[in-house]
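Subject: Model handover

Hello,

Here is the structure for you to look at. My notes follow below it.

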Amino acid sequence: MNVAIVGASGAVGQEFLRVLDQREFPIDELKLFGSSRSAGTKYTFKGKEYTVIELKHGDDFKGIDIAFTSAGAGISKEFEKDITKFGAVMIDNSSAFRMDSDVPLVVPEVNAADALDRPRGVIANPNCTTIQMVVALKAIENLSHIKRVHVATYQAASGAGAAAMAELETQYRQVLAGEEPTVQKFFYQLAYNLIPQVDVFTDNGYTKEEMKMFNETRKIMHSDVQVSAMCVRVPSLRAHSESVWVETERPVSIEEAKEAFAAAEGVTLMDDPANKVYPMPLFLSGKDDVYVGRIRKDLANENGLTFWCVSDQIRKGAALNAVQIAEYLIKVGNVK
């Protein structure tokens, strides 16, 4: 495969390089693209040095088979035609195309075949919080249709990028030194704090992040499921956590749920409360799977279950999911 990465210098762009290397993705030619600020930066991949090329309108994507894009929705929209006009599959990590009817929104463990129908040559990577949730939900959906989901997310600083992670670390040092903390990447100081707002508010009082979880879940799962989300930024560095309550059409036992999670693709069951075994971001950063634990019956709903899940949103929530889409296309012979 001839592969391009757009936004190569960002946190997700760098994760693309790590994931492609670790999974031994078949690459014949690699091109790295970035802004004028990052152009000229050099990165090493599999022992070979690559220089970031400034992203410009033109024919730079001629001969490219797969382009992984993670440079923001505006850039994705502006350069969509440049990237796809010679037949490249554009796997986009921004919010630009997720709800477009002619762009598939794909999580391979849930709806891989949707990637085969892409009229514009574009496949959208869902929002990170949605990805980890639907991977877990699929295990329960296979047992009984899920009617409703309530979810509270606990989102790490890394969800806002590498600069946000650096700002959190800086804030902790500043607060401990008695200095005024730097606040640029978030609405408020995140160190020693929680911020019950991720993204901007919409007219219904929910944030865009919360509405993404509602809309994207329905599209990915081809479902009428109702999703109500509360998204919170927390002062951890990397990997998002979620408390999830599901209501199914019939009661699902804890034993059934545990067996389903244990057998589910992309899920690792970590549920032994007697020995204090449950998923935590401190130990799961850099891991590929969605880790599920604290599985219980919902005391407020006889058809309800509740569980806790953790996943590294830079990996499964972004770069890894996109690479898995590409791997699926190669497996079924559906690239160009």
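**Helix α4 and its partners**

In α4, Thr 129, Thr 130, Met 133, Val 134, Leu 137, Lys 138 and Glu 141 meet Glu 209, Lys 212, Met 213, Glu 216, Thr 217, Ile 220 and Met 221 of α6. To meet, or be in contact, is to have heavy atoms within 4.5 Å. Sorted by class, this contact of α4 with α6 holds six nonpolar, three polar and five charged residues. Nonpolar covers Ala, Val, Leu, Ile, Met, Phe, Trp, Tyr, Cys and Pro; charged covers Asp, Glu, Lys and Arg; the others, Gly among them, are polar.

This is a predicted model: local features need pLDDT of at least 70, side-chain atom pairs count only at pLDDT 80 or more, and totals for chains, interfaces and linings use all residues. Residues are numbered from 1 along each chain as its sequence is written, and side-chain values use heavy atoms, with hydrogens and water left out.

Now the geometry. Two packed helices are described by the angle between their axes and the distance between the axes. Helix α4 is residues 128-141 and helix α6 is residues 208-221; they pack at about 45 degrees, axes 10 Å apart. Helices (H or I, at least four residues) and strands (E, at least two) are DSSP runs, numbered from the N terminus. Axes are lines fitted to C-alpha atoms, for helices over the stretch in contact, and angles run from 0 to 180 degrees between N-to-C directions. α4 and α6 are therefore oblique to each other. On this scale, under 35 degrees is roughly parallel, over 145 roughly antiparallel, 65 to 115 roughly perpendicular, and the rest oblique. The α4 and α6 crossing is right-handed. Right-handed means the near helix is turned clockwise from the far one by less than a right angle; anticlockwise is left-handed.

Next, α7 (residues 254-263). Its axis and that of α4 come within 9 Å and cross at roughly 125 degrees. That makes α4 oblique to α7. This crossing is right-handed too. Ala 136, Ala 139 and Ile 140 of α4 meet Ala 257, Ala 260 and Phe 261 of α7. By class, that contact has six nonpolar residues, no polar and no charged.

Then α9 (residues 315-331). α4 packs against α9 at about 85 degrees, with axes 8 Å apart. α4 is therefore roughly perpendicular to α9. Cys 128, Ile 131 and Val 135 in α4 meet Lys 316, Gly 317 and Asn 321 in α9. Those residues divide into three nonpolar, two polar and one charged.

**Annotated sites**

UniProt (unreviewed entry) gives "active site" at Cys 128 and His 240. UniProt positions use the numbering here, feature names are shortened, and annotations may be inferred rather than shown by experiment. The two are spread over 113 residues of sequence, yet cluster in space, with a largest C-alpha distance of 8.4 Å. The lining of the largest pocket includes Cys 128 and His 240. On a 1 Å grid over the protein atoms alone, a pocket is an open set of points with protein on both sides within 12 Å along at least five of seven lines, a cavity is a set where a 1.4 Å probe fits but cannot get out, and lining residues have an atom within 4 Å of a point. Cys 128 sits in α4.

Gln 155 lies in strand β9 (residues 146-155).

Best wishes
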